[in-house]
Amino acid sequence: MGDETRESRKTVLLWAGAAVVGVVAGYIAVLLVNVRHFYTDDTESQYVPLWITIGQHLRNGQFPGLVTDEWMTGNYSVEGQGSLLNPPQMLVSLIAPSFDNLLVLATLVKLAYSIVLVLGVFRVCRAYGALAPWAAVAGVAFTFSGWVLFLDQATWVLALAGTAWLTHAWASGIRYARGRGGPIPVFVFIFFAITVGYMWPGIETAMMICAVALGELIYQRNWLAPVRLLAVAGFAGLAGLMTYLPSFLSSHVTWRDAEVVIKNDGFMTIPWSESLNSSLPTTLPSFNSWFGLIQPFPIVYIAWFLIPGLAFIDWKAASRSARNVSGAAIFALAALMWTAGPAVIGPLRWPARVMPMLALGLLVLVCVLFSKHGTLKSWRTRVGVSAFLLLLLLMRTISSAPSGKLKTHVAAAVVVGLMGAVVLLVAAKRNQATACALLIASVVPIAYYQVDQVPHHPMSWNLPEKRKQAQDVFPDFDGLTLQLADSQLFPIPEKFLGGVYSSLVVGYYAKDLDLNYVNGYTPIGHYWFSQHLCMRWDGSVCPDAKRRVFEKEPTTGKTLADLMKVDRVVLQAAMYPNADSEPAPDGWKWVQYPGHERWIYVLEREGGPISTVNGRVAATDNVTATSVSESDDSSKVTVTSAQGGRVVFARLAWPGYHVTLNGEDIGYDTVMDTFLSVDIPAGTTDADLEVTWSPPGWQLGSATAVLGLAGVAVLQLLYVRGRRRPVDEAVPEPVSAS
């Protein structure tokens with residue numbers, strides 16, 4: 001039999017359960033320190049509100065490819081991070097509106113993904129032949145490695161989700177290449193990793209598949225299995241292509257041009273020397289990021305036993321397993337190379353994001369080798385080598401962040417040495433399984449300690465977590481609101497309710513409040529819209545935005561506020577002091593909202609809201625236009641024009657629009673490169689003008705999805721018909737430790 005089945009099913013399930021328990025215990029430990037750790041930064045300002053609004057659309061029977069009133073943040077097909085084609089994430093969105101406490105929602109979702117992740121790492125190690133205890137060690141250690149704990153789990157939840165699916169794709173890929181499983185699991189897990197919509201897991205999955213395919217070529221010395229693996233990955237890529245086609249085909253109007261630019265400015269690139277920090281829990285690495293040169297948390301930390309433990313591998317015997325684990329080694333090496341730069345490759349920025357892949361590759365590689373070739377022979381020499389490695393760790397860690405941390409780092413090195421001694425003693429006196437249980441248990445207090453050293457995550461917005469309470473203290477703004485504010489001027493709220501978030505929003509916070517705001521969150525943006533309003537990724541604007549919003553566009557005679565059909569403009573008091581002492585713009589009036597004067601001044605239309613008047617028709621020139629029906633992706637209007645004229649719609653001119661007049665294509669134009677406009681020919685009488693939008697590339701994406709499904713079906717048929725003896729039986733690997 002192959003390596004994977006040499007232990008009883010009961011033993012494997014027991015250790016898989018132990019890995020899950022380790023993750024749950026780690027979450028409890030972190031929550032005891034900081035209950036908001038898993039509700040931080042993008043999680044609170046982007047992802048959770050996005051899940052809520054997508055879930056509400058789905059419950060109403062709508063597919064939210066475009067939400068028009070959100071303007072540059074509302075093109076969810078371009079953003080990708082709505083995960084509109086990802087079944088597990090769609091389930092999360094369906095559930096999300098039922099939660100009032102969003103901290104609980106975020107924590108439960110991340111715990112679920114972390115359990116998927118730990119089991120995925122467990123499966124990868126098992127696929128390479130590791131004993132179940134060591135597979136569990138690798139899984140729990142990776143789940144609480146520095147980058148995962150402080151960034152992916154705390155804030156970038158889609159990176160966590162994508163990595164979770166990547167690990168299962170890896171394990172299923174090995175099984176498929178070695179004849180122990182079929183292509184469908186590989187296809188499904190790669191599809192899940194791609195369609196989370198966060199580009200990095202998709203790219204990392206492609207890197208992993210290439211590394212595994214090359215590793216299997218080295219291991220099996222047969223090209224057929226790697227080709228089959230690459231084929232199923234290619235078919236999964238075709239099926240998930242629609243996730244990125246709209247973004248690519250719309251890139252020319254966004255901040256992220258599709259032009260391939262490769263450069264290295266050193267930002268978010270990690271020097272290879274920082275790898276020597278990976279086993280000291282107190283490490284504060286040095287590289288350029290948003291936090292300056294010295295990082296506030298140990299994001300290059302992997303596992304305390306990783307580097308000192310290298311001394312207890314029989315490397316001569318391990319050479320016999322080199323071909324078996326070559327895929328993991330290649331993957332780790334590729335990740336190490338990438339983390340050091342370049343800083344920008346087209347739309348891919350900040351290569352430090354690949355750090356989890358380095359951690360994953362190294363933990364899989366080392367734990368498999370511990371399992372197969374761990375040894376205590378010549379233990380005195382090995383202890384000396386391990387102590388020397390620990391000394392190197394200490395020296396490098398002190399070099400990275402010497403100020404005020406010397407005693408802390410020395411103490412950490414002593415603790416790591418003592419823990420190592422205990423684990424070695426247990427392994428010698430009892431067995432490896434008990435030693436592995438201790439390693440798993442050690443992850444929990446380390447996670448507790450590390451979060452305790454950074455109890456208030458520096459990226460946190462501190463948004464209120466209870467929706468009903470937040471809604472009760474916020475003004476009940478009806479219609480469409482545009483906020484002119486700068487989040488950099490927000491004070492850190494002393495209390496969530498009654499503070500700045502009782503009057504102002506950031507990112508998608510308005511979705512938590514069930515309010516309709518232009519402002520939102522976008523990493524993509526619309527270049528021209530953002531230029532006209534000087535609007536940034538989190539919905540913030542510059543002080544000149546007030547002038548721009550009420551300045552008339554010369555060809556229509558309308559202001560930006562008119563062309564957007566905004567009902568209300570909220571001005572941040574800190575940005576526009578005493579704004580209500582100035583005369584209101586024509587057609588507007590100052591409105592008082594008692595209890596909110598500290599934070600905002602409010603302008604509203606003198607004649608009441610206009611956002612629902614005559615559909616999305618914002619301006620006409622020599623045309624009579626009457627709205628017949630409206631939806632986010634369609635405007636049907638009856639138009640009449642004797643001499644010919646123009647209709648301007650309150651629609652951002654994203655690629656993907658199609659315009660017909662009485663069923664005939666007539667094309668469209670733009671105003672200010674922003675607002676969709678249609679020229680109406682002379683002599684038009686009561687004609688049907690229809691404006692529709694669909695994600696650009698959807699026809700191509702649908703075709704490639706069908707091709708991908710057909711391809712994997714063929715591979716599955718070939719697999720069923722041609723089952724053969726597993727490669728592991730034909731090419732036996734050593735299974736016992738030295």
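Guide: A salt bridge here is a side-chain nitrogen of Lys or Arg within 4 Å of a carboxyl oxygen of Asp or Glu. Keep in mind that this is a predicted model.

Visitor: OK. How far apart are the closest N and O atoms of Asp478 and Arg568?

Guide: They are 2.7 Å apart, and the two residues form a salt bridge.

Visitor: Where do Asp478 and Arg568 lie?

Guide: Asp478 is in the loop between α19 (467-473) and β6 (480-484), while Arg568 is in strand β10 (residues 568-572). The pair therefore ties together parts that are 90 residues apart in sequence.

Visitor: Is Arg568 buried or exposed?

Guide: Arg568 counts as buried, at 2% relative accessibility. Asp478 is partly exposed, at 45%.

Visitor: How many salt bridges does a search of the whole structure find?

Guide: It finds 18. One of them joins the side chains of Lys511 and Glu70, at 2.5 Å from N to O.

Visitor: What does the pair of Lys511 and Glu70 tie together?

Guide: Parts that are 441 residues apart in sequence, because Lys511 lies in helix α20 (residues 509-512) and Glu70 in the loop between α2 (42-59) and α3 (76-79). Both Lys511 and Glu70 are buried.

Visitor: And Arg396, which side chain does it meet in a salt bridge?

Guide: Glu274, at 2.5 Å from N to O. Arg396 sits in helix α16 (residues 379-400), and Glu274 in the loop between β1 (262-263) and β2 (286-289), so this pair ties together parts that are 122 residues apart in sequence. Arg396 and Glu274 are both buried.

Visitor: Which residues are linked in a network of salt bridges?

Guide: Asp544, Arg547, Arg548 and Glu551 are linked that way.

Visitor: Switching to aromatics. How many aromatic pairs does the structure hold?

Guide: There are 30. Take Trp200 and Trp338: their ring centres are 5.2 Å apart and their planes are at 45°, so the pair is tilted.

Visitor: Where do Trp200 and Trp338 lie?

Guide: Trp200 is in helix α10 (residues 199-220) and Trp338 in helix α14 (residues 326-339), so they tie together parts that are 138 residues apart in sequence. Trp200 is buried, with a relative accessible area of 4%. Trp338 counts as buried too, at 14%.

Visitor: What about Tyr527 and Trp528, how do they pair?

Guide: Edge-to-face, with 5.0 Å centre to centre and 85° between the planes. Tyr527 is partly exposed at 35% relative accessibility. Trp528 is partly exposed as well, with a relative accessible area of 34%.

Visitor: Which residues form one aromatic cluster?

Guide: Trp147, Phe150, Trp156, Phe267, Trp290, Phe291, Phe297 and Trp350. Arg353 lies over the face of Trp156, at 5.3 Å from the ring centre.

Visitor: And over the face of which residue does Arg228 lie?

Guide: Tyr176, with Arg228 at 5.6 Å from the ring centre.

Visitor: Now the inside. How many residues has the largest nonpolar core?

Guide: It has 143 residues. Those with the most contacts inside it are Trp51, Tyr128, Trp170, Phe305 and Val364. Helix α5 (residues 102-127) gives the largest share of this core, 14 residues.

Visitor: Which residues does the second, separate core include?

Guide: Val549, Tyr601, Val678 and Val691 are among them, in a core of 58 residues. In soluble globular proteins, nonpolar side chains tend to be buried together.

Visitor: Last topic, strands. In what order do the 5 strands of the open sheet come?

Guide: The order is β14-β15-β21-β17-β18, and the pairing is antiparallel.

Visitor: Which strands stand at the edges?

Guide: β14 (624-631) and β18 (664-665). Each has a single partner strand, so one side of each is left without a neighbour in the sheet.

Visitor: Over how many bridges do β14 and β15 pair?

Guide: They pair over 7 bridges, in the antiparallel sense, and β15 covers residues 634-641. Ala625 stands opposite Val639 in β15. β14 and β15 form a hairpin with 2 residues between them.

Methods:
Residues numbered from 1 in each chain as written. Predicted model: local features only at pLDDT ≥ 70, side-chain atom pairs only at ≥ 80, totals over all residues. Heavy atoms only, no water. Phe/Tyr/Trp six-rings, centres within 6.5 Å; stacked < 30°, edge-to-face > 60°. Helix = DSSP H or I, 4+ residues; strand = E, 2+ residues; numbered from the N terminus. Buried < 20%, exposed > 50% of the residue type's maximum accessible area, 1.4 Å probe, protein only. Lys NZ or Arg CZ within 6 Å of the ring centre and 35° of its normal. Core = buried A, V, L, I, M, F, W, Y, C linked by side-chain atoms within 4.5 Å. Pairing = 2+ DSSP bridges.
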